[in-house]
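Here is a short briefing on one protein model. Please look at the sequence and the structure first, then read the notes below.

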Amino acid sequence: MIVIKTVNKQLETAKEHLINKDFHLAINILNSFDIDEISDTLIGEYYLIKSECLLNLGDFDHHYPDSAITFFKQSSIHANFAFAKYLKGWQLQAQGKSILAKSTLTRSEERRVGKECRSRW
């Protein structure tokens with residue numbers, strides 16, 4: 001239980017550094033984690049924070065957006081799933097794969113519209 005509280009507090013601190021644009025400090029905190037110590041409920045948050053920090057630092061060659069998408073696809077937290085897809089689009093755009101980036105973001109929009117139409121029936 002103590003490990004979960006410590007990891008949660010460290011994730012919150014990393015998130016604060018991210019908000020303040022202290023990306024190196026946030027990455028240092030995230031790199032101090034043993035990935036096996038992060039609970040299933042917090043791992044998605046870890047992927048999002050690490051991905052956003054790395055993208056802001058210009059590191060576009062990592063798997064964190066994909067890991068976040070995979071995690072949140074199974075989750076009921078739709079905003080985090082949408083944000084993970086946004087980060088993936090950013091990564092693809094930065095890698096010069098703008099067509100893939102657009103399709104990553106477009107599919108999410110099509111899904112939203114489809115859900116709205118179904119809810120009206």
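Two rings of Phe, Tyr or Trp (for Trp, its six-membered ring) form an aromatic pair if their centres lie within 6.5 Å; planes under 30 degrees apart count as stacked, over 60 as edge-to-face and the rest as tilted. By this rule, Phe33, Tyr46, Tyr47 and Tyr64 form one aromatic cluster, and the count comes to seven aromatic pairs. This is a predicted model, in which local features need pLDDT of at least 70, side-chain atom pairs count only at pLDDT 80 or more, and totals for chains, interfaces and linings use all residues. Residues are numbered from 1 along each chain as its sequence is written, and side-chain values use heavy atoms, with hydrogens and water left out.

**Nonpolar core**

- A nonpolar core is a set of buried Ala, Val, Leu, Ile, Met, Phe, Trp, Tyr and Cys residues joined through side-chain atoms within 4.5 Å.
- Buried means under 20% relative accessible area, exposed over 50%, and partly exposed in between (1.4 Å probe, protein chains only).
- The largest nonpolar core has 27 residues, and those with the most contacts inside it include Leu11, Phe33, Ile38 and Tyr46.
- At least two residues of this core come from each of α1 (2–19), α2 (23–31), α3 (40–56), α4 (64–73) and α5.
- Helix α3 supplies the largest share, nine residues.
- Contact means heavy atoms within 4.5 Å; apart from neighbours within four places in sequence, Ile38 is in contact with Val7, Phe33, Ile43 and Tyr46.

**Helix α3**

- Helices (H or I, at least four residues) and strands (E, at least two) are DSSP runs, numbered from the N terminus.
- From its first C-alpha to its last, α3 reaches 25 Å with 17 residues, close to the 24 Å expected at 1.5 Å a residue; the expected span is 1.5 Å times one less than the number of residues.
- Twelve of the 17 residues of α3 are buried, among them Leu42, Tyr47 and Lys50.
- Gly58, with a positive phi near 90 degrees, follows α3.

**Two polar residues**

- A polar contact is a pair of N or O atoms within 3.5 Å; within protein, one must be able to donate a hydrogen and the other to accept it, and residues adjacent in sequence count only if both atoms are side-chain atoms.
- Gln91 lies in helix α5 (residues 78–94) and counts as buried because its relative accessible area is 1%.
- The side chain of Gln91 makes a polar contact with the side chain of Lys88 at 3.2 Å.
- Ser75 sits in the loop between α4 and α5, and its relative accessibility is 18%, so Ser75 counts as buried.
- The side chain of Ser75 reaches the backbone nitrogen of Ile77 at 2.9 Å.
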